[in-house]
Amino acid sequence: MSQPFIHPMSDVQSTAIGAGTRLWQFVVVLQGAQIGQDCNICSHCLIEDDVVVGDRVTVKSGVQLWDGMRVGNDVFIGPNASFTNGSFSRSQQKPEKCLVTTIHDGASIGAGAVILPGVEIGSKAMVVAGAVVTRSVPPNAVVEGSPAKIVGYVDAARNEVSEMVSTKPVVGATSTRVQGVTLHHMPRIPDIRGSLTVGEFDRSVPFAVKRYFMVFEVPSMETRGEHAHRKCHQFLICVRGSCVVVADDGFNRQEFLLDKPDVGLHLAPMVWGIQYKYSADAVLLVFASHYYESTDYIRDYSEFQSKVTQSELHSNS
């Protein structure tokens, strides 16, 4: 394997530099830093002692990685992105322990973004240029603004879903790109006295219902869900206002706008579900096939992906 390239006009004190990594002019790397293989550290960057950088990471010019930074594999950090490791710093007063900021595998940080200390940027998440990230970002989320809020999810096929919901529907279930997810249109009966929509359990709702819950008064920037169920089916209807649901089977991801009381979304077990972009008046009604069990939830996306992959391998063996 090729040796790392270290430009003669850089100051690199660490020996823990992976094969194929390139460090360009005016880069400063302190002794304790660890940098993986095939990275590209552009000019005018600083990497302190307690920093770990994974493989195939790109760090563009003008970035400082301070003590406490943990950067996964295949991460992109744009020019002049800013990090810090303490919320209340004083001159010549070093904290006993720095806050740890983690950027997980495949995430991208846009140019000029500001990442506050102690947050996590989830795997494959995307921080848009200029965003100010004050809270942790879930896997696959796209965030922008100040403070940053979720505006989308990577590979969620938003346009296709908008067409599905906006065209004149036929009563019944429609398949989607996501395995275990169907979009349902219930009958809608308009009348001079008002409109009515109706559904039947085990028919329109394709399972027996043992529980329901409603979500309402959600601040617009908040995200709900972020989990999968091992056994429980769910059927979601936004009975007032609107919200957006992201469904993910581990291989495909699709986004659904729920803004009509005669439209429902069925999420089978082992589908990762997220709800966001709630309107101020949104009321989301959810029917569930099982009573509440905390052990039925998978709340870590990497654990979910691992179980999906294991299931796929088992089914193909």
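Which residues of H2 are buried? Let's keep that one in mind, everyone, while we look at this predicted model.

I'll start with the sheet. Five strands make up an open sheet, paired in parallel and ordered S5-S8-S11-S14-S17. At its edges sit strand S5 (34–35) and strand S17 (120–121), each pairing on one side only. Inside the sheet, strand S11 (residues 69–71) and strand S14 (residues 101–103) run parallel and share three bridges. One detail to find on screen: Val71 has Ile103 of S14 as its bridge partner.

Together with Ile77 and Ile121, Ile103 has the most contacts inside the largest nonpolar core, a set of 50 residues. Several elements give two or more residues to that core, among them S11, strand S20 (141–144), strand S21 (149–153) and helix H2 (301–316).

Now, back to the helix. The buried residues of H2 are Tyr301, Phe304 and Val308. They span an arc of only 55 degrees around the axis, so they lie on the same side of H2. Among the elements covering them are strand S27 (224–229), S29, strand S30 (253–258) and S32.

Finally, a quick check on helix length: 16 residues at 1.5 Å each should span 22 Å, and the end C-alpha atoms of H2 are 23 Å apart, so the two agree.

Technical notes: Residues numbered from 1 in each chain as written. Predicted model: local features only at pLDDT ≥ 70, side-chain atom pairs only at ≥ 80, totals over all residues. Heavy atoms only, no water. Pairing = 2+ DSSP bridges. Helix = DSSP H or I, 4+ residues; strand = E, 2+ residues; numbered from the N terminus. Core = buried A, V, L, I, M, F, W, Y, C linked by side-chain atoms within 4.5 Å. Buried < 20%, exposed > 50% of the residue type's maximum accessible area, 1.4 Å probe, protein only. Expected span 1.5 Å × (residues − 1). Arc of directions from axis to C-beta. Contact = heavy atoms within 4.5 Å.
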